[in-house]
Amino acid sequence: MNNPNILLVEDDSELAKLVSGRLRDAGYDVRVVGNGPDAVEAVQTNLPDLLLLDVMLPGFDGLEVCRRV
């Protein structure tokens, strides 16, 4: 069985590195993107089991990502 996969959308690279590292250590497969448009594209390409969104993102915010997803 595959590990659950998480899409982390965070524009702060240090925070993204910290959170994704912790999630990977806990056994999750993690993809990281840094803006709204890339998040929507990533969801359309490979649907994650969980989407973790920052609210304030470049391109469009996390709420708009939710609407588009």
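Modeller: The radius of gyration is taken here over C-alpha atoms, and the globule rule is 2.2 Å times the number of residues to the power 0.38. This is a predicted model, in which local features need pLDDT of at least 70 and side-chain atom pairs count only at pLDDT 80 or more, while totals for chains, interfaces and linings use all residues. Residues are numbered from 1 along each chain as its sequence is written, and side-chain values use heavy atoms, with hydrogens and water left out.

Biologist: What makes the radius of gyration of the chain agree with that of a compact globule?

Modeller: For 69 residues the rule gives a value near 11 Å, and the chain has 11 Å, so the two agree. Along the principal axes, the C-alpha atoms fill a box of roughly 30 × 25 × 15 Å.

Biologist: How many helices and strands are in the chain, and how do you know?

Modeller: Helices are DSSP runs of H or I with at least four residues, and strands are runs of E with at least two, numbered from the N terminus.

Biologist: Why is L23 called buried?

Modeller: Buried means under 20% relative accessible area, exposed means over 50%, and partly exposed lies in between (1.4 Å probe, protein chains only). L23 has 17%, so L23 is buried. This residue belongs to helix α1, residues 13–25.

Biologist: Which residues are in contact with L23, leaving aside its neighbours within four places in sequence?

Modeller: A contact means heavy atoms within 4.5 Å. By that rule L23 meets I6, Y28, V30 and L52.

Biologist: What makes V30 buried?

Modeller: V30 has a relative accessible area of 11%, and therefore counts as buried. V30 sits in strand β2, residues 29–33. Not counting residues up to four places away in sequence, V30 touches I6, L8, S20, L23 and R24. From V30 to S20, ten residues away along the chain, the C-alpha separation is 6.2 Å.

Biologist: Why are E64 and C66 called partly exposed?

Modeller: E64 has 23% and C66 has 46%, so each value falls in the range between buried and exposed. Helix α3, residues 62–68, holds E64, and C66 lies in helix α3 too. C66 is 9.5 Å from G36, C-alpha to C-alpha, at 30 residues apart in sequence.

Biologist: What makes the approach of the side chains of E64 and R68 a polar contact?

Modeller: A polar contact is a pair of N or O atoms within 3.5 Å; within protein, one must be able to donate a hydrogen and the other to accept it, and residues adjacent in sequence count only if both atoms are side-chain atoms. The side chains of E64 and R68 make such a contact at 2.8 Å.

Biologist: What share of the residues in the chain is buried?

Modeller: Buried residues are 32% of the 69. Of the contacts with a separation of 6 or more, 56% are between residues 24 or more positions apart.
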